[in-house]
Amino acid sequence: METGREVPDEALVRRAMAGNAEAFGDLYIACLNRVYRYVFYRVGDAHLAEDLTETTFLRAWEAHRRYKPGKVPVLGWLYRIAHNAVIDYFRSAHPHEELSPTLPAPGGEVEAGIAKQEEMQDLAKALRGLDVMSQEVLSLRFIAGLSHREVAQLLGRSEEAVRVIQFRAVRRLRELMRGGQNNGK
Amino acid sequence: MANERRLAQELEACLEGLRAGRTLDDLLSTYPADARSLKELLNVASRLQDLPEAIPTIAFRGAARARFLDRIEARDTHRASLRPHPVHWRTAFALSILTVFLLSLFVGGGLTVASAEALPGDPLYGVKLTGEEVILALPHTPASLAELELTYAELRLSEIHALAARGRLDESAQPLNSASRDLERAASIVQGLGEPALQTRLAGHLGQVATRLNEVVDLVSNSPLGGPAIGSAEQAGKQASQDVDRVLHGVNPNQLAPGKNRTPVAPGEAGGGNGQPGNGQGHGKATPGAPDGNGQGSSH
């Protein structure tokens with residue numbers, strides 16, 4: 001079963017970054033699920049996530065010459081482009097848009113699944129209530145599954161700075177979720 | 001602030017511990033004073049990690065690759081249509097000469113006088129690379145871009161020889177990776193060229209640089225170096241060489257020997273008379289300037 005967590009083959013990345021369009025198409029498919037997941041939890045809408053995922057890879061193609069192998073893993077580079085695509089979307093055309101999350105259904109029993117889905121929707125919504133940097137750190141760390149060091153490298157911050165951002169973001173998320181629970185009662 | 005830093009560090013340590021398979025109770029017992037706060041934060045973090053897999057629809061995924069390739073082809077076609085006149089290969093050749101001349105001017109002027117001789121690890125090496133990036137960012141025809149990529153690949157290979165002479169071959173991973181990348185880009189451009197005469201001429205240069213790359217890979221392989229960076233760079237060099245072989249075989253399937261035994265091809269020989277571009281599978285569609293051969297090669 002495809003987990004969507006695979007790292008793309010190095011040779012494929014090299015061919016893609018050398019300007020081989022077909023190889024870039026293969027890279028797109030290899031990374032599609034991971035980038036989509038990252039974008040989905042940033043925007044909370046499946047169709048928009050698909051559009052922005054495609055935009056991410058089109059931008060990546062435009063920028064492939066600037067990719068430095070060995071400096072940043074290709075997935076990290078794609079996450080950065082995806083992050084910018086999300087930011088641009090909200091800044092330019094839809095600054096006040098707030099999307100209601102439509103989470104994919106988790107597995108398991110139906111009732112437990114519904115309860116879990118509601119809880120997850122609250123969490124995903126709270127995530128989008130954080131400031132941009134906090135969203136990015138948490139998304140990269142917990143949704144994209146990057147290591148702490150990789151996140152720091154990708155954002156050009158010190159590991160300590162990322163640790164503190166992560167701590168504040170998780171704490172804020174807890175407060176937002178508590179607020180949501182209280183409002184719901 | 002110190003308190004926040006401590007908690008941030010403890011949270012990270014607990015996350016790492018959980019990832020390594022330690023139990024929550026075990027981890028919290030390490031930080032009894034902060035156990036309650038940490039437990040709540042870890043609960044939020046673990047729920048984030050447990051967010052369900054989100055995957056695109058089957059319809060989107062099924063058509064994604066074809067649609068992506070169509071869109072980049074459409075973009076390239078649109079760009080090509082904005083160009084006023086096709087560039088004849090002689091013009092392209094003249095432009096490549098001009099570019100190399102500009103490169104010489106750059107390397108010979110101002111601050112870059114000092115950086116021109118800089119090697120990886122030297123303070124001015126970044127200045128040198130930045131200068132090259134500036135030249136790359138100028139508009140180029142596909143042919144002049146390929147020439148430029150080959151020029152840079154040769155520069156990187158020269159740097160590795162210079163590092164070897166100074167006993168610093170352990171710093172060769174970066175230039176070896178760069179040379180491989182430049183060569184692969186040049187190969188990709190050459191493969192997509194629509195002008196057989198131009199393609200033949202560039203194939204000759206491509207073959208020569210690939211041969212030099214093989215020599216440098218041998219030099220690095222035979223040195224008593226280790227480490228993943230060097231090993232990865234060697235692999236990149238070998239892969240680039242194989243990619244060049246594929247392109248050269250496409251340009252002239254009868255004349256070129258693969259791999260390390262490749263005979264450098266003199267300009268004008270590589271085409272072997274058939275003058276046909278490679279099989280073009282997968283490369284002609286959106287490589288810079290392909291396949292009309294008249295365009296600005298790059299998207300930058």
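Colleague: How do helix α6 and helix α7 of chain A pack, and how far apart are their axes?
Modeller: In this predicted model, α6 (residues 132–143) and α7 (residues 148–155) of chain A pack at an angle of about 140°, with their axes 9 Å apart. Axes here are lines fitted to C-alpha atoms, for helices over the stretch in contact, and angles run from 0 to 180 degrees between N-to-C directions. Helices (H or I, at least four residues) and strands (E, at least two) are DSSP runs, numbered from the N terminus.

Colleague: What does that make α6(A) and α7(A) to each other?
Modeller: They are therefore oblique to each other, since angles under 35 degrees count as roughly parallel, over 145 as roughly antiparallel, 65 to 115 as roughly perpendicular and the rest as oblique. The crossing of α6(A) and α7(A) is right-handed; a crossing is left-handed if the near helix is turned anticlockwise from the far one by less than a right angle, and right-handed if clockwise.

Colleague: Which residues of α6(A) and α7(A) meet there?
Modeller: From α6(A) come A:Val137, A:Leu140 and A:Arg141, and these meet A:His148, A:Val151 and A:Leu154 of α7(A). Two residues are in contact if their C-beta atoms, placed from the backbone, lie within 7 Å. By class, this contact has 4 nonpolar, 1 polar and 1 charged residues, where Ala, Val, Leu, Ile, Met, Phe, Trp, Tyr, Cys and Pro count as nonpolar, Asp, Glu, Lys and Arg as charged, and the others, Gly among them, as polar.

Colleague: Before we go on, how should I read the labels?
Modeller: Residues are numbered from 1 along each chain as its sequence is written, while chains are lettered from A and ligands numbered from 1 in the order in which they are written. Because this is a predicted model, local features need pLDDT of at least 70 and side-chain atom pairs count only at pLDDT 80 or more, whereas totals for chains, interfaces and linings use all residues.

Colleague: How many helices and strands does chain A have?
Modeller: Chain A has 8 helices and 0 strands, and buried residues make up 42% of its 185 residues. A residue is buried if 20 or more other C-beta atoms lie within 10 Å of its own, exposed if 12 or fewer, and partly exposed in between, with C-beta atoms placed from the backbone. In helix α1 (residues 10–17) of chain A, the buried residues are A:Val13, A:Arg14, A:Arg15, A:Ala16 and A:Met17, and just after α1(A), A:Gly19 takes a positive phi of about 100°.

Colleague: And chain B, how many helices and strands has it?
Modeller: Chain B has 11 helices and 0 strands, and 39% of its 300 residues are buried. Of the contacts in chain B between residues at least 6 apart in sequence, 74% join residues at least 24 apart.

Colleague: At what angle do α8 and α9 of chain B pack?
Modeller: Helix α8 (residues 142–165) and helix α9 (residues 173–192) of chain B pack at an angle of about 160°, with their axes 8 Å apart, and they are therefore roughly antiparallel to each other. Their crossing is left-handed. Among the residues in contact are B:Leu145 and B:Leu157 of α8(B), and B:Leu183 and B:Ile189 of α9(B). The residues of this contact divide into 15 nonpolar, 2 polar and 5 charged.

Colleague: Which residues have the most contacts inside the largest nonpolar core?
Modeller: They are A:Val39, A:Leu78, A:Ala82 and B:Leu11, in a core of 69 residues. A nonpolar core is a set of buried Ala, Val, Leu, Ile, Met, Phe, Trp, Tyr and Cys residues joined through C-beta atoms within 7 Å. The largest share of this core, 14 residues, comes from helix α2 (residues 21–43) of chain A. A second, separate core of 36 residues includes B:Leu183, B:Ala210, B:Leu213 and B:Leu248.

Colleague: What is A:Val39 in contact with?
Modeller: Leaving aside neighbours within four places in sequence, A:Val39 is in contact with A:Ala49, A:Leu52, A:Thr53, A:Ala82 and A:Val86.

Colleague: Last topic, how many residues of chain B are in contact with chain A?
Modeller: 45 residues of chain B are in contact with 47 residues of chain A. The elements of chain B that give two or more residues to its side are α1 (2–19), α3 (35–49), α4 (58–82), α9 and α11 (228–251), and α4(B) gives the largest share, 8 residues. The residues on that side of chain B divide into 21 nonpolar, 11 polar and 13 charged.
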